[in-house]
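I opened the notebook to go through this structure step by step, from the chain contact down to single residues. Below is what I looked up, in the order in which I looked.

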Amino acid sequence: MDGYGDLIAAEDVLLFVNAAITATGQREFHAGAAEQQLSLSFLHAYMLGNYREPYAAALALDINDHNAALIIRGLLESAAEATAEQRRTEGRLIARRLALLPPQRVYRLFGELRRAKVNNRRTRAILREWLAARPDQTLDAVKYRAGLKQALRHAHLPAAAAETGAFLFGPAARGRFEAPLLDAWRRAHYQQSALYELPYTVAEGFARTHRIPRATFLERITPQLTRLERLRLQESARGAGVDSVRADAVELGRMPLTRLASYVLGLAPADRLARRTELTAALRTAARRAAGAEAGQWGRVAAVLDDSFSSSGSGAKRRRPLAVALACHFLLEALAGRYTGLWTSGRTDALLARPTGPTPLGRRILDALDTAPDRLLIVSDGWDNAPPGLAAEVLRVWRTRLDPDHRTSIVHLNPVYDAEGFDVRRLAPTVPTAGLRDAEDLPALVEFARFAEGRTDLTELTAHLAARTARFLAGPGSPAGRTTGANSEPGEDT
Amino acid sequence: MTNRTTVRLDLTGLTTRPAQVWGGVRLVPLVRHQPIDDLRLHQELFGEEHRTVLLDRRTAYTAYIPHGFVADWTCDRTPAAAYGTQFAAPADRPGAPPERIRIRPPRRLAQRAGADRLRFVPLHLALEGYLALHFGGPTIAWEEWSQQALRRGLSPRAEEAYAGASVRGLADALRVFEIHPGQCGLALYVADALAAAFVVPHPDDYRALHRSLLLDLYGELVHHYALLAAPVPDFRADLRSSPIRSLADLRGAVDRQEQQWAAFHDHTMAEGLLAADYRHRPVHRMGRFTLSRFLPDFRPKQENHLGETITDEHGRIAYLKTFRLSESQVRRGHLLDRLSAHDWRLSAAAAELGITEAQFALRLEAAGFGHLLRQDILDHYRRRHREGR
């Protein structure tokens, strides 16, 4: 390939990676779900047709689960087009990624493969291996009944135990089961006390049939809740007058940082004020854990964080961009030696962040540059509107006239996929922009963002991807820089 | 019309902030540094879609009125009602429909003493002023005018407008618009034509009423522009021309950029609204505030806005809502104005415009006022026009 082709290839790959990190096919502030899905499906088709290897290698990066599932599906659907060597790498990447995906997503993916009539030998083998690696098939049989049934049927597999097979495929009316969980499910149809032995999501349906009051149900199901279910239900449980669901500060500190930030933003300002010490401590703990060995190593850091009205996200992704910005605030505070966080609204209390007002990014960047930082990070959806394009001008002038030797490294992180541009929105050509899903991925993304600065070298990018793939395939826990996957429990909703 | 003065709109106290663009719609926020606290507006949604207001025994004003504004003011003044204004229901009957409007202000003064609240229907006050323009018809019974024109004036008089929801892209533009802190107003451009200006006294009112722009009326011109226009470009900041050696220089350049934009907007983009003279008619006094409506001079082929204002004792605008007339509406207003200026004498009006009587009559007909002329005279003019005389 000539140099020009290389350049385009590198740009395409970067663009796709940004999209795969941020896009979820859900409604965003500026675009509807249909637009997002259309735009994303085009990108996937384009990448699969033109750059199959980087497309598969994206599985090793910190892309989101929605795109991981789409990539796996794309690869399996078009297996015939791949060479033997490609298939080998893809198979390993897919198996590794599937192990990291939450089970409900994997079961949904299997369902999609079944509907698309993808049932080649390779797909069946992947299915079989993934199912064999599940720690407890009886739990899956109860919790993901339809998914597991469909998967077994699709791959022509017997259930791990004869009883599970009977549970899934046998007639509805039958005698007791030996496995306690299966029997609890059978008894829960007529015995209220049995449903509290079931996982929360399953028990919820039974509670509805038995017309159990919400408060009683939550009180008694508490021991069965997974950690994230507990986080999610806390506030609604408090509303129902149940106190047992409540997670304490220590438990909150163990939550993934971005999720915790989302939780904090979901609280009313009065609650946030009342629980300020507890919430701040939990956020700091989570941030320190996410920072890991790099804590305190980043020198002087300034951040411009977007809390404009557009960071309220949409009904499908409530306050997501703001939550990411809040999480970044605490993470950068942990990473930096000296940290200055500037919100676009001019507010100084991060805990009380609220999505309102315009986005005067240009002025905030100026304020941030005033502190003479070593690194400047901008977390924004890129809709710079007060006035439009000022951020780009300020950054351009800074780079060309005031700081031509790159004393300050500037990176723009964007949590929102722009369906129209097939990429995250950029602020300025001189400043690299990277998609951002969870604040926890920030260090890895800042490293990756250097490829987006100026003219990208394809060989360098390919080498980086190969290294990440090798690390991903060898690594015991998670994709590099990703901490959420490592501590998720089996069978847990994520 | 009595008590009529010519004024300009005085937007002192409001600063223009950078515009936000969505498709063909450009929204320019107007920010008030000192909010007006002693006058507040809030919205009232009406259940029914049509509303008929009896203006007097013979005249009824029927319109689609999706919402109304309620103005509250705090200084103790005697409220006076006016032509075309709807009063708030008394506090003890909150759900009651708006009062019928009677025509003579003095009577209402007596009725409404003591209340510090006024309900009015946004834009209708202004539109009704336009519809009622020279509504009485010919003042002197020249022979050209038909019996109908002499007996019933311009009645029935109808104009068309589009609801904001049917202006393409407006709903999305208002949804994604990011309201500035302290924002009290908005200038709305469609395909860079000023479609409406909206100002309220207090930022909280604006926040509450922002979406009400979607319920307002927009002229045919605005609707067509929105339908046909391509997306408008952003006015992006540009610092290339300023010499910059330090961060302070950069900051200065940024400030200049903002001032330049504000000046450009106020003196170029909004010139059609702000630099024009308006016939202004106070209709209601509310303490130190005055509710009035204004009509343009009906200059053909130019921007013409009509609207209503609440101004304080210095004439500064606390509340403003405008409606952009479409070209044919301007023409109708213009023709009626000219006729009225010459006491409805066809030949005199035609002479002023430098056209023949026949041409003027045909213009009247094209504008939808054919029924005002006697049929035989109109036929006569038509024949004269055909024969090229």
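Entry 1, the contact between chains. Before counting anything, I noted that two residues are in contact if their C-beta atoms, placed from the backbone, lie within 7 Å. I also noted that this is a predicted model, and I read each entry with that in mind. With that cut-off, I found 24 residues of chain A in contact with 21 residues of chain B. Sorted by class, the side of chain A that touches chain B holds twelve nonpolar, eight polar and four charged residues.

I counted 23 helices and seven strands in chain A. The radius of gyration of chain A is 24 Å, close to the 23 Å that the globule rule gives for 494 residues, so I wrote chain A down as being as compact as a globular protein of that length. Along the principal axes, the C-alpha atoms of chain A fill a box of roughly 80 × 60 × 40 Å. The division into domains gives domain 1 (188-246) and domain 2 (293-456) for chain A, and the centres of these two domains, taken over C-alpha atoms, are separated by 40 Å.

Two packed helices are described by the angle between their axes and the distance between the axes, and I took down both for each pair. Helix H18 (residues 276-291) and helix H19 (residues 320-335) of chain A pack at an angle of about 60°, with their axes 8 Å apart, which makes H18(A) oblique to H19(A). The crossing of H18(A) past H19(A) is right-handed. On the H18(A) side I listed residues including Leu283(A), Arg284(A) and Ala287(A), and on the H19(A) side residues including Phe330(A), Leu331(A) and Glu333(A). This contact comprises eight nonpolar, no polar and three charged residues.

For the second pair, the axes of helix H6 (residues 103-115) and helix H9 (residues 145-154) of chain A come within 9 Å and cross at roughly 45°, and H6(A) and H9(A) are therefore oblique to each other. Their crossing is left-handed. Among the residues that meet here are Tyr107(A), Phe110(A) and Arg114(A) from H6(A), and Leu148(A), Gln150(A) and His154(A) from H9(A). The class count for this contact is five nonpolar, four polar and two charged residues.

Chain B is divided into domain 1 (5-237 + 248-271) and domain 2 (345-389). Their contact takes six residues from domain 1 of chain B and seven residues from domain 2 of chain B. The side belonging to domain 1 of chain B has three nonpolar, two polar and one charged.

Most residues other than glycine have a negative phi, and most peptide bonds are trans, so I looked for departures from both. The peptide bond from Ala386(A) to Pro387(A) is cis, with omega near -10°, and Pro387(A) lies in the loop between strand S3 (375-379) and H21 of chain A. Asp192(B), although not a glycine, has a positive phi of about 60°; I located Asp192(B) in the loop between strand S11 (183-190) and strand S12 (193-199) of chain B.

Notes: Residues are numbered from 1 along each chain as its sequence is written. Chains are lettered from A and ligands numbered from 1 in the order in which they are written. This is a predicted model: local features need pLDDT of at least 70, side-chain atom pairs count only at pLDDT 80 or more; totals for chains, interfaces and linings use all residues. Ala, Val, Leu, Ile, Met, Phe, Trp, Tyr, Cys and Pro count as nonpolar, Asp, Glu, Lys and Arg as charged, and the others, Gly among them, as polar. Axes are lines fitted to C-alpha atoms, for helices over the stretch in contact, and angles run from 0 to 180 degrees between N-to-C directions. Helices (H or I, at least four residues) and strands (E, at least two) are DSSP runs, numbered from the N terminus. Angles under 35 degrees count as roughly parallel, over 145 as roughly antiparallel, 65 to 115 as roughly perpendicular and the rest as oblique. A crossing is left-handed if the near helix is turned anticlockwise from the far one by less than a right angle, and right-handed if clockwise. Domain bounds come from an automatic or database domain assignment. The radius of gyration is taken over C-alpha atoms; the globule rule is 2.2 Å times the number of residues to the power 0.38.
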